[in-house]
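Subject: Handover of a two-chain model

Dear colleague,

Please find below the structure that I am handing over to you. My notes on it follow, and I would be grateful if you read them with the coordinates open.

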Amino acid sequence: MSKRINPWVLITGALVGIAAVLLTALGNPANMGFCIACFIRDIAGATHLHFAAPVQYFRPEIVGLVLGSTIMSLASKEFKARAGSSPATRFIIGAFVMIGALVFLGCPLRMVIRMGGGDLNAFVGLAGFFIGILIGVFFLKKGFSLKRTYEVTKTEGFALPGLLILLFGIFLAVPSLFAFSESGPGSKYAPALISLLVAIVVGAFAQKSRLCMVGGMRDAVMFRDFNLLSGFAVIFVVVFLGNVILGKFTGFSTISQPISHSSELWNLLGMVLVGWGSVLLGGCPLRQLILAGEGNGDSAVTVLGMLVGAAFAHNFKLAGSADSLVDGVYKVGGIATTGKVVVLIGFAVLLVISLLNSTLVKKEAK
Amino acid sequence: MIDARGQSCPIPVVMVQNAVKKENHPSELQVKVDAKVCVENITRYAATVGYTVSVEEADGEYTLTLKK
């Protein structure tokens with residue numbers, strides 16, 4: 001094995017894959033053992049930020065991932081409260097990354113999980129994700145930066161982990177305050193404490209290994225560094241094998257895949273938006289949660305941007321709807337015209353942000 | 001000395017990469033960062049372009065010295 005591959009990345013990749021298969025077996029939606037975008041969207045629904053009945057549940061996995069990162073970073077003395085790198089810009093990028101992910105129906109992590117489940121639509125998403133990363137890398141090479149962070153007060157660093165713990169405590173104590181789906185993906189969940197514990201373990205390992213879906217491809221393209229990409233590959237292999245072992249693998253196809261649509265152009269473009277935006281943010285949605293857990297206030301703001309993006313995606317009906325069988329007729333899902341327009345607006349917004357923060361427009365800072 | 005403190009991933013590595021190219025593979029380069037992840041990333045990159053790296057830590061900041 002190359003010395004440049006960190007074994008922690010391989011271990012974390014395997015853990016994420018096992019956790020995804022396990023949580024699905026215990027009740028999470030199919031091919032959605034772990035999906036950061038879907039779970040933040042479900043939390044937005046549970047907290048009444050949107051009213052899409054099928055996607056409302058306060059997912060403990062999000063709390064666990066952040067908490068696991070906080071615990072690991074405190075233990076390794078890496079926890080550091082920092083912020084100040086264009087938080088409002090990051091909020092907006094986070095919102096569009098979320099909208100892109102919900103158009104495709106999954107964050108980069110679920111994309112890999114869907115690939116391992118035999119969903120060929122996710123391979124189209126992968127192509128889009130790669131194109132998005134190439135666009136982002138182009139701007140990084142042109143000096144793109146959202147400027148530096150600074151050390152800030154400890155409260156900033158604990159803001160998101162603290163908020164999530166508080167909300168989760170209230171969720172456990174008075175669940176009736178929150179919305180629960182009666183059908184659809186939001187109605188399918190593994191036992192809350194098991195989800196929490198599994199996510200804490202995954203979050204801790206993800207902090208230690210720096211696992212990042214976008215980082216894998218970005219580093220491979222920019223530096224011929226395949227360290228993080230190896231984690232991506234391991235997740236795919238483990239999920240694939242897990243599905244085969246559990247008898248859930250029925251071959252590769254674009255048709256009748258769980259919570260997936262075959263409007264391929266929008267699968268592609270949704271993930272271009274995710275890839276491009278994530279490169280500008282410096283990491284995929286999973287990585288943003290982990291960084292927020294380490295005390296990064298900018299990433300905490302990004303997560304809040306994703307939460308608002310999820311609420312917009314459903315309130316304005318921008319999100320994709322899955323292919324379905326209606327009266328025995330296969331109906332291709334996809335996105336409404338509003339969703340298509342907002343994806344295009346998203347490209348325009350990312351282009352403006354990319355140009356204004358790179359040396360293509362401004363002079364290089366001394 | 002490249003000051004990459006506070007820059008998010010992977011910008012510190014891009015800064016080092018640009019300096020290596022611009023200065024035509026200098027025999028020595030110094031970089032300052034403030035996150036362990038940047039130390040790891042720069043160290044991995046430096047190895048691919050033939051540099052060995054030594055790291056000094058003080059007050060949560062790291063000074064990396066890259067040598068041919």
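Which are the buried residues of α12(A)? They are A:P285, A:L286, A:R287, A:Q288, A:L289, A:I290, A:L291, A:A292 and A:G293. Helix α12 of chain A covers residues 285–293, and nine of its nine residues are buried, so the helix is largely enclosed by the rest of the structure. Just after α12(A), A:G295 adopts a positive phi of about 105°. Please bear in mind throughout that this is a predicted model.

Chain A

Chain A contains 14 helices and four strands. Its C-alpha trace spans about 65 × 45 × 45 Å along the principal axes. For 366 residues, a compact globule would have a radius of gyration near 21 Å, and the 19 Å of chain A agrees with this. Of these 366 residues, 58% count as buried. When contacts in chain A between residues at least 6 apart in sequence are considered, 82% of them join residues at least 24 apart.

The contact between the chains

Chain A contributes 21 residues to the contact and chain B contributes 16 residues. On the side of chain A that touches chain B, the largest share comes from helix α9 (residues 213–223) of chain A, with five residues. That side of chain A is made up of four nonpolar, seven polar and ten charged residues.

Chain B: overall

The secondary structure of chain B consists of two helices and four strands, and from the N terminus on its elements follow the order β-α-β-α-β-β. The C-alpha trace of chain B spans about 30 × 20 × 20 Å along its principal axes. A compact globule of 68 residues would have a radius of gyration near 11 Å, and chain B, with 11 Å, agrees. Buried residues account for 37% of the 68 residues in chain B. Of the contacts in chain B between residues at least 6 apart in sequence, 58% join residues at least 24 apart.

Chain B: the sheet

The four strands form an open sheet in the order β1-β2-β4-β3 (chain B), with mixed pairing. Strands β1 (2–3) and β3 of chain B stand at the edges with a single partner strand each, so one side of each has no neighbour in the sheet.

Strand β2 (residues 28–33) of chain B pairs with strand β4 (residues 61–67) of chain B in the antiparallel sense, over six bridges. Within this pairing, B:E28 has B:K67 as its bridge partner in β4(B), and B:V31 stands opposite B:L64 in β4(B). Strand β3 (residues 52–58) of chain B is also antiparallel to β4(B), and seven bridges join the two. There, the bridge partner of B:E57 in β4(B) is B:Y62. The hairpin of β3(B) and β4(B) has two residues between the strands, and B:D59 takes a positive phi near 50° in it.

How exposed is B:Q30, a residue of strand β2 of chain B? B:Q30 has 14 C-beta neighbours inside 10 Å and therefore counts as partly exposed. Leaving aside neighbours within four places in sequence, B:Q30 is in contact with B:M1, B:I2, B:T63, B:L64 and B:T65. B:Q30 and B:V16 are 14 residues apart in sequence, with a C-alpha to C-alpha distance of 9.0 Å in space.

Chain B: the helices

Helix α1(B) lies across β1 and β2 of chain B and runs at about 160° to β2(B). Helix α1 (residues 11–22) of chain B also packs with helix α2 (residues 36–48) of chain B, at an angle of about 35° and with the axes 9 Å apart. The crossing of α1(B) and α2(B) is right-handed. On the α1(B) side, the residues that meet α2(B) are B:P12, B:V13, B:V16 and B:Q17; on the α2(B) side they are B:C38, B:N41, B:I42 and B:Y45. The residues of this contact comprise six nonpolar, two polar and no charged.

Key:
Residues numbered from 1 in each chain as written. Chains lettered and ligands numbered in written order. Predicted model: local features only at pLDDT ≥ 70, side-chain atom pairs only at ≥ 80, totals over all residues. Axes fitted to C-alpha atoms, helices over the stretch in contact; angles between N-to-C directions. Left-handed = near helix turned anticlockwise from the far one by under 90°. Contact = placed C-beta atoms within 7 Å. Nonpolar A, V, L, I, M, F, W, Y, C, P; charged D, E, K, R; others polar. Rg over C-alpha atoms; globule rule 2.2 N^0.38 Å. Buried ≥ 20, exposed ≤ 12 C-beta atoms within 10 Å, placed from the backbone. Pairing = 2+ DSSP bridges.
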